[in-house]
Amino acid sequence: MDPTRLLTWTMPLPSIGRVPVRAHWTLLLVVVLDVVGALSGRFLGMDGRGPSWPWWLVPAVIPILAFVHYAHECGHVLAARWLRGRVDGIEMHMFVGGVNSYDIPLRAGSLMLYAGLGILATLLLTVLGIAAVYFLPESEYIGLLLFYFAYANGRLLGINLLPLYPCDMGLFLRGLFWPFAGLNRAVKGTLILGYVSVGLIMASGFWSNRFSDIFIGVLLLMGLLREHQSCRAGHDPWLRLDPANWPSGPTLMVRWQRKRKQLASERREVEEEAEQEVLDRLLAKVSEHGLPSLTAAERASLERISRRQRARAEAQQEV
């Protein structure tokens, strides 16, 4: 068997509104890790050990984990349809909702909405799960299931808040930075933030001797390196577009600077017109009554306006 085919192996899952869904083999690894965590009472990334599950309750890990990931992906599908785009396929990976083949308008707001609705769906479920753990009547087995529901959503939320591919925040920040810095700088900026995030995760793992953080950091670093290599080769895996064809219109900063220069030019023209009116009135008075007829304030105004006009004339000559 070709080993590269094994690394890309996926299995079909029920579709989301006619959108085909497949599970990458790494998602099955998460199922195994969570099953072990349920039996031992310590899920990946947890400090300390909680109550272990009875063996007959452990299979509930699978439908809960599937629901958590499906709900996250439904947010992306709804966003794509709201934007009059489409999602052609969903492939769920380890700790990440999915790697989607999507077609949405290439605009800053569209990228933020598409990524943000997935994050929002998981955030709401995380809050709901935590609230259920604390406020629903206590029951040993229901409490275990609700805790895992909140934990699985929180883990998915935390990973997707990292600013790197394929986490949703990587795409969200591209859309957020795009209007201010331009798309090219937005991509480079998120790559830098991605390396910083991965470095902090791995440093935390080494500092606290937590193998889970180091393991997650290595996986994220591999994805980040693939993203960086793809961008250097001229293809952003998030935007699915050659950088040479990225929109290159003026950013908000450039438009703000242009507007500022325009307002300054208009203000300068108004000031020059007002100065010219004062100068014409003073020169008319001098012509009619002579220079001694000017008051001290009028003489100072005449000298000030004359100096300004000479300075502007010299600046124009230099240009």
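Me: Which helix does Glu277 lie in?

Reply: Quick heads-up: this is a predicted model, where local features need pLDDT of at least 70, side-chain atom pairs count only at pLDDT 80 or more, and totals for chains, interfaces and linings use all residues. Residues are numbered from 1 along each chain as its sequence is written, and side-chain values use heavy atoms, with hydrogens and water left out. Helices are DSSP runs of H or I with at least four residues, numbered from the N terminus. Glu277 sits in residues 252-289, which is helix α9.

Me: Is Glu277 buried or exposed?

Reply: Buried means under 20% relative accessible area, exposed means over 50%, and partly exposed is in between (1.4 Å probe, protein chains only). Glu277 comes in at 58% relative accessibility, so the label is exposed.

Me: How is the aromatic pair of Trp53 and Tyr148 classed?

Reply: Rings of Phe, Tyr and Trp (its six-membered ring) pair if their centres lie within 6.5 Å; planes under 30 degrees apart are stacked, over 60 edge-to-face, the rest tilted. Here the centres are 6.0 Å apart with 85 degrees between the planes, making the pair edge-to-face.

Me: How many residues apart are Trp53 and Tyr148?

Reply: Trp53 is in the loop between α2 and α3, while Tyr148 is in helix α5 (residues 140-160). The pair links distant parts of the chain, and the gap is 95 residues.

Methods: Helices (H or I, at least four residues) and strands (E, at least two) are DSSP runs, numbered from the N terminus.
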